[in-house]
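Subject: Structure for you to look at

Hello,

Here is the structure I said I would pass on. Please open it first, then read the notes below with the model beside you.

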Amino acid sequence: MTRTAIVTGAARGIGAATATRLAADGHAVAVLDLDEAHCADTVAAITDAGGRALAVGANVADATAVTDAVARVEAELGAPTILVNNAGIIRDNLLFKMSEDDWDSVLSVHLRGAFLMSRAVQAHQVTAGWGRIVNLSSTSALGNRGQANYAAAKAGMQGLTKTLAIELGRYGVTANAVAPGFIVTDMTRQTAERIGVGMDEFIAARAAEVPVGRAGYPDDIAAAVSFFCSEEAGFVSGQVLYVAGGPRA
Ligand code: NAP
């Protein structure tokens with residue numbers, strides 16, 4: 001069945017792969033990111049393949065922007081009943097060097113963003129009596145040096161997910177989280193730059209720690225999100241699926 005999906009942070013990386021995958025699954029997809037113009041490539045990939053997509057510029061941490069964006073999706077693509085909270089940033093630093101702004105901005109985009117988007121979209125899901133929410137967590141939720149802010153946000157995403165599952169289940173809405181390990185994207189390129197290692201070397205070093213012996217790619221995550229969004233996943237809710245090539249990456 002065709003639904004309307006919103007994928008946040010979908011201009012690139014995991015969000016772009018997820019938007020493309022959900023469109024291939026038959027859904028109309030709102031490609032939401034900070035700058036509408038940056039969504040053009042993802043929208044073109046979807047429409048070139050015969051799908052339906054809409055570029056939407058919005059900051060997920062801004063309540064008014066979120067309300068306006070969801071209203072625009074409803075008007076132009078149809079009431080959204082699938083939501084993937086993927087938008088994210090990193091501001092890594094050891095605790096003693098971490099600024100208040102590093103802390104606030106990371107918590108704001110990941111957690112406040114997922115809260116605002118979920119609150120806006122659940123209204124349409126409850127009306128439809130059907131919905132899927134998938135939140136992007138991370139293996140960093142288990143703790144990661146230099147990421148006190150990000151680890152706290154990604155652990156928070158898991159608590160949010162489980163609570164949404166409990167509150168919204170009676171309306172036919174499931175909420176699950178995907179927790180990726182090391183995935184090759186601009187975000188991990190940023191980490192390689194910060195620690196002064198070339199990306200190829202960084203990928204090889206990280207892949208050596210992964211039981212399946214390779215790095216992850218955005219399509220690996222998109223496939224897991226697609227499962228949680230499917231009709232047949234209706235009895236799977238409040239779960240966290242680590243997609244990391246092993247139990248920890
Ligand atoms: P990415 O390549 O950096 O893409 C993130 C996207 O989110 C960017 O297009 C960015 O826009 C957008 N964004 C940032 N702040 C936003 C905001 N306030 N409102 C709307 N959009 C915003 O990241 P990625 O690696 O694909 O990661 C996607 C998600 O997976 C994130 O939640 C991340 O924490 C999680 N994750 C990634 C990995 C990994 O190894 N890559 C591992 C675990 C979890 P701009 O380009 O304009 O900044």
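Before the notes, one definition: a residue is called buried when its relative accessible area is under 20%, exposed when the value is over 50%, and partly exposed in between. By that cut-off D102, at 14% relative accessibility, counts as buried. Please also keep in mind that this is a predicted model.

The chain as a whole

The protein chain folds into 8 helices and 7 strands. Its radius of gyration is 17 Å, close to the 18 Å that the globule rule gives for 249 residues, so the chain is as compact as a globular protein of that length. The C-alpha trace spans about 45 × 35 × 35 Å along its principal axes.

How much of the chain is buried? Of the 249 residues, 52% count as buried. The accessible surface of the protein chain comes to about 11100 Å², and carbon and sulfur atoms account for 53% of that surface. If we take the contacts between residues at least 6 apart in sequence, 71% of them join residues at least 24 apart.

The ligand

The ligand is surrounded by 29 residues, and the closest of these are R12, D33, N86, Y150 and T185. Sorted by class, the shell around the ligand holds 14 nonpolar, 11 polar and 4 charged residues.

Which helices supply at least two residues each to this shell? They are helix 1 (13-24), helix 4 (100-128), helix 5 (148-168) and helix 6 (186-194). Helix 6 gives the most, with 3 residues.

- The side chain of R12 has an N or O atom 2.6 Å from an oxygen atom of the ligand.
- For the side chain of K154, the distance from an N or O atom to an oxygen atom of the ligand is 2.9 Å.

On its own the ligand has 900 Å² of accessible area, and the protein covers 92% of it.

Leaving aside neighbours within four places in sequence, D102 is in contact with R91, N93, K97 and N149. D102 and Y150 are 48 residues apart along the chain, and their C-alpha atoms are separated by 9.5 Å. Y150 is also one of the residues closest to the ligand.

Is Q125 buried or exposed? Q125 has a relative accessible area of 0%, so it is buried. Not counting residues up to four places away in sequence, Q125 touches P80, T81, I82, L83, W130, G131, R132, I133, Y171 and V173.

N85 in strand 4

N85 belongs to strand 4 (residues 80-85). With a relative accessible area of 4%, N85 is buried. What does the side chain of N85 make a polar contact with? The partner is the side chain of N135, at 2.8 Å. Beyond four places in sequence, the contacts of N85 include T8, G113, A114, M117 and N135. G113 is 28 residues from N85 along the chain, with a separation of 7.8 Å between the two C-alpha atoms.

T42 sits in helix 2 (residues 40-48) and counts as buried at 4% relative accessibility. Leaving aside neighbours within four places in sequence, T42 is in contact with A10, A11, A16, A19, T20 and V31. From T42 to I221 the C-alpha distance is 16 Å, and the two are 179 residues apart in sequence.

G13 is in helix 1. At 30% relative accessibility, G13 counts as partly exposed. Which residues does G13 touch, not counting those up to four places away in sequence? They are T185 and P218, and T185 is also among the residues closest to the ligand. G13 and P180 are 167 residues apart in sequence and 12 Å apart in space, C-alpha to C-alpha.

Regards

Definitions and conventions. Residues numbered from 1 in each chain as written. Predicted model: local features only at pLDDT ≥ 70, side-chain atom pairs only at ≥ 80, totals over all residues. Heavy atoms only, no water. Near = heavy atom within 4 Å. Polar contact = N/O pair within 3.5 Å; in protein donor to acceptor, adjacent residues only side chain to side chain. Areas by Shrake-Rupley, 256 points an atom, 1.4 Å probe, with all protein chains shown as cover. Helix = DSSP H or I, 4+ residues; strand = E, 2+ residues; numbered from the N terminus. Nonpolar A, V, L, I, M, F, W, Y, C, P; charged D, E, K, R; others polar. Rg over C-alpha atoms; globule rule 2.2 N^0.38 Å. Buried < 20%, exposed > 50% of the residue type's maximum accessible area, 1.4 Å probe, protein only. Contact = heavy atoms within 4.5 Å.
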